[in-house]
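Please keep the sequence and the 3D view open while reading.

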Amino acid sequence: RPPVAPDNCFLHATHSSMTADGDSTIDSEGPVSFITSFAEGELPANSRGGFNRKHAVVKYTSLVLFLFGTVGDQVLIKRATYSANYPSALTMLTALLGLIVYPVLVAGAVLSGSVSMAQIRVPWWKPAFIAVCFSLHHTLLNAGAGGAAIPGVIVSVLVKMVIPITMFLTMPIYTLGLRYKATHWAGLATLVGGILITVSSRMQGIELHGSSVLKIFVIVLSTIPLAVAFTFLEVNLKEIHPELFAVALWMWVCLFMSGVSILLLPLNAALTNIHFSNMFSDLGDGMACYVFARTPPGKDVDCEAASGFWWVAMVFMLLYNLAMPVSTRYGGAALMWFVHALTVPLAGILFAQPWIMGEHATSLLPVQMIGLFVVMLGVALFNAQEPSVRWEMEVIRSRRSEFGAGVAMTHSGVTPPPRVVSEEVSAQWR
């Protein structure tokens, strides 16, 4: 077992004690809720060594919850847009719902003593940057994927462009300095093959001209800000702010998203052929439709059905939003998106169910089950080995950790101690 890196000492001094073999023992004093212990980041980050059973439980539990929540949200939101398609309202309601739920969870964790005030503080520009990326992703995705123009299974495939983009973003030393091995690239190739098998029979049903081509381009484009956001998120949760309470970060992100979503209304209007003078009324009509099942006068939409599917989808949305930062912290963004690829065959199975999709249900083909097996094989290959890290990252991580610990200790009125880097790495760096 590799030793725990010295730059993780602040995290362990605050939340846990160390055993002789490098495992951490979590301090059980005080009332600690399930959500707090699951999300606050009390175990060592994956790339720092100290991999233990508790780490594995949190890692794989969060990945399962993330997958379950993503599939449910994806299928039900798609079904809701068949009945009533209001992309701008979907983006805004995602942020507003988070502003209602996450502050309650954070307040409960702080009042119970499970989380300190220092653990919910973060420089304002970081959640603001993530909010801009997320809002841009949601705006582009909702504009491209809403309605019936692009089938749900094809949408699931197109968004998997986030996987290779994330892998390339995590390779430079100014992010995570990861070096992926042959099994990782074999896993990526297998994953792409499984996805192509899954949708091979569906591509023929798309008319690749006009608005369909634009929608496909917009969906693929939406994966770039998503990959950037999660790479930035992984660097901060693992390296700079390992003590940060993940639910609090999501609370701040939703706060900024509610404002950024308004600023992106003109972009949404341009992508959905809505006149700029009508973009605020379209936003209001959509929010009333999804939340209150209120059909706008003169509109050919079924808001009663759309509202029912939207409310159920919000339960799944909250589930995967809580699991996302935990999955990113303990599994890494690349692995999380590989697991996310399982949504392609699983969502394809649900898209074939008339009791969910109604008249929009598609037939379930044996090739989709083969695709599910191949995709699972790709995920297993990718997760067979941990990616290696470039040697320069030890110095960079030491500096990042010193900065993050300095910020946290400053909030507590404590002067952060200097960090120590091995002589070998220091010599190489010089």
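Leu-214, Phe-217, Leu-221 and Ile-224 make a nonpolar surface patch of about 360 Å². The model is predicted, and local features need pLDDT of at least 70, side-chain atom pairs count only at pLDDT 80 or more, and totals for chains, interfaces and linings use all residues. Residues are numbered from 1 along each chain as its sequence is written, and side-chain values use heavy atoms, with hydrogens and water left out.

A patch is made of residues with over 30% relative accessible area and no salt bridge, where like charges are joined within 9 Å and nonpolar side chains (Val, Leu, Ile, Met, Phe, Trp, Tyr) within 5 Å. Accessible areas come from the Shrake-Rupley method with a 1.4 Å probe, and for residues only the protein chains shown count as cover. Helix H9 (residues 211-221) gives the most to the nonpolar patch, with three residues. Helices (H or I, at least four residues) and strands (E, at least two) are DSSP runs, numbered from the N terminus. Phe-217 is found in helix H9. Phe-217 counts as exposed because its relative accessibility is 52%; the cut-offs are under 20% relative accessible area for buried and over 50% for exposed, with partly exposed in between (1.4 Å probe, protein chains only).

**Cavities**

Rolling a probe the size of a water molecule over the atoms shows where empty space is left. A cavity is a set of points, on a 1 Å grid over the protein atoms alone, where a 1.4 Å probe fits but cannot get out; lining residues have an atom within 4 Å of a point. Grid points are joined across faces, edges and corners, and a volume is the space filled by probe spheres set on the points. A search of the whole structure finds five cavities of 30 Å³ or more.

The largest cavity has a volume of about 720 Å³. Its lining has 38 residues, and those nearest its centre are Asp-73, His-137, His-138, Leu-141 and Tyr-320. Several helices supply at least two residues each to this lining, among them H4 (87-111), H5 (125-145) and H14 (303-331). Helix H3 provides the largest share, seven residues. By class, the lining of the largest cavity divides into 23 nonpolar, 13 polar and two charged residues. Here Ala, Val, Leu, Ile, Met, Phe, Trp, Tyr, Cys and Pro count as nonpolar, Asp, Glu, Lys and Arg as charged, and the others, Gly among them, as polar.

Helix H15 (333-340) also supplies at least two residues of the lining of the largest cavity. Eight of the eight residues of H15 are buried, so this helix is largely enclosed by the rest of the structure. Trp-337 and His-340 are among these buried residues.

The second largest cavity holds about 60 Å³ of space. Its lining includes Pro-87, Thr-139, Ser-261 and Leu-283. H4 gives the most to this lining, with four residues. The lining of the second largest cavity has five nonpolar, five polar and no charged residues. Ser-261 is found in helix H11 and is buried, with a relative accessible area of 5%. The C-alpha atoms of Ser-261 and Ala-95 are separated by 8.3 Å, although the two residues are 166 residues apart along the chain.

**Salt bridges**

Side chains of opposite charge can pair when their charged atoms come close. How many salt bridges are there, taking a side-chain nitrogen of Lys or Arg within 4 Å of a carboxyl oxygen of Asp or Glu? The count comes to three.

| Salt bridge | Closest N and O atoms |
|---|---|
| Lys-59 and Glu-386 | 3.7 Å |
| Lys-238 and Glu-234 | 3.1 Å |

Asp-285 is partly exposed, at 25% relative accessibility, and Lys-299 is partly exposed at 38%.

Lys-59 counts as buried at 1% relative accessibility, whereas Glu-386 counts as partly exposed at 37%.

Lys-238 and Glu-234 are four residues apart in helix H10, which means that about one helical turn separates them. Both Lys-238 and Glu-234 are buried.

Conventions
On a 1 Å grid over the protein atoms alone, a cavity is a set of points where a 1.4 Å probe fits but cannot get out, and a pocket is an open set with protein on both sides within 12 Å along at least five of seven lines; lining residues have an atom within 4 Å of a point.
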